[in-house]
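Please open the model in your viewer and follow the stops below, selecting each group in turn.

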Amino acid sequence: MNQPLPSIGFLGLGIMGHEMARNLLKAGFPLLVWNRTAGKTAALAAEGARVGTGPADVAQRSDVVIVCVSDTPDVEEIVLGPGGVLAGARPGSLVVDMSTISPARTREIARRLEERGVHMLDAPVSGGSEGATRGTLSIMVGGDATQVERAMPAFRAMGKTITHVGPAGAGQTVKLVNQIVAVVNMLAMAEGLLFAEASGVDLDKVLEAITGGAAGSWMLANRGPQVVARDWRPGFMIDLQQKDLRLALEVADEMGVPLIGAGLVFQLYRTLQHAGFGREGNQALAKALERLAGIEIGTGGVSGGGVVGAT
Ligand code: NAP
């Protein structure tokens, strides 16, 4: 006889969390959700999820609690803070943090939970909002192998490539590796498209010609068409991208490792934050290059020099 699926509590229904929770619901997990801004629970409730009153309530009523919020202090607040997961979690239950946060502070959160007999995995994700919707995320998991095995059916409902990469905190470290590679790819994509625009070639033909070749990447395939269409809606916001780069640069600094490309991209995004684009998608990195070059991608030519308009 098949084992019943564990009950899952899901905290944080943002761009990623909402879609990940929906895939758990579709896979048949009993699901209890909570979000700080209460209105974001409505669609999932209509599809069959129950709604909890707060992190402690959700933890008390769930075998596995998944967290997907913005930054390190946010995870600390909803896991360790007043009315947080730790206040409600049953000994033997499992907390899975799928946010991208500091590896060192992840180890400390895991230690605090283990002291009370509550297990933790760090399981940040990659694959963008598209991957969250399609259930094809890459999930990089840090923590104890027995708990990874326990969480595997839930991971399989949300992701395609699930890799146990090491002990507590290792998932977050690997996610930062992912972010370093991703942003430098984004810079390469934006620079290539800027050059193509200045050259006067058809940008759709450029994408068609090079996406399947050696220059191909997830960024080029998924964000390239958005840049050409000047679609700056967020799959992943610049403000959150900056948070990831800050984490990577902090860890690199502690290790004494230079991060040339990621450091440059961090500074370019900073100029966009100052210009008011922090809540746009990270593909808007192209705008930072446009401003330096006085050219706009996808508009069919040179802007006439000077600073390009805020579009
Ligand atoms: P998002 O759309 O901005 O959602 C953030 C979520 O966190 C919202 O549900 C928000 O609640 C909640 N939150 C933030 N601070 C909180 C706090 N102090 N207490 C309670 N809830 C809090 O962000 P997202 O794109 O889903 O990203 C979520 C995580 O996944 C981040 O760590 C991000 O780096 C990571 N990630 C994102 C992507 C992507 O492509 N978007 C890809 C991989 C990984 P409210 O609704 O009340 O604001």
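Begin with the side chain of Asn35, where an N or O atom lies 2.7 Å from an oxygen atom of the ligand, a polar contact being a pair of N or O atoms within 3.5 Å. This is a predicted model, in which local features need pLDDT of at least 70 and side-chain atom pairs count only at pLDDT 80 or more, while totals for chains, interfaces and linings use all residues. Residues are numbered from 1 along each chain as its sequence is written, and side-chain values use heavy atoms, with hydrogens and water left out.

Now show the shell of 28 residues around the ligand, among which Asn35, Thr37, Lys40, Gly235 and Lys243 come nearest; a residue is near if one of its heavy atoms lies within 4 Å.

Finally, colour domain 1 (8-167) and domain 2 (174-293): both give residues to this shell, so the ligand lies between them, with bounds from an automatic or database domain assignment.

Key:
A polar contact is a pair of N or O atoms within 3.5 Å; within protein, one must be able to donate a hydrogen and the other to accept it, and residues adjacent in sequence count only if both atoms are side-chain atoms.
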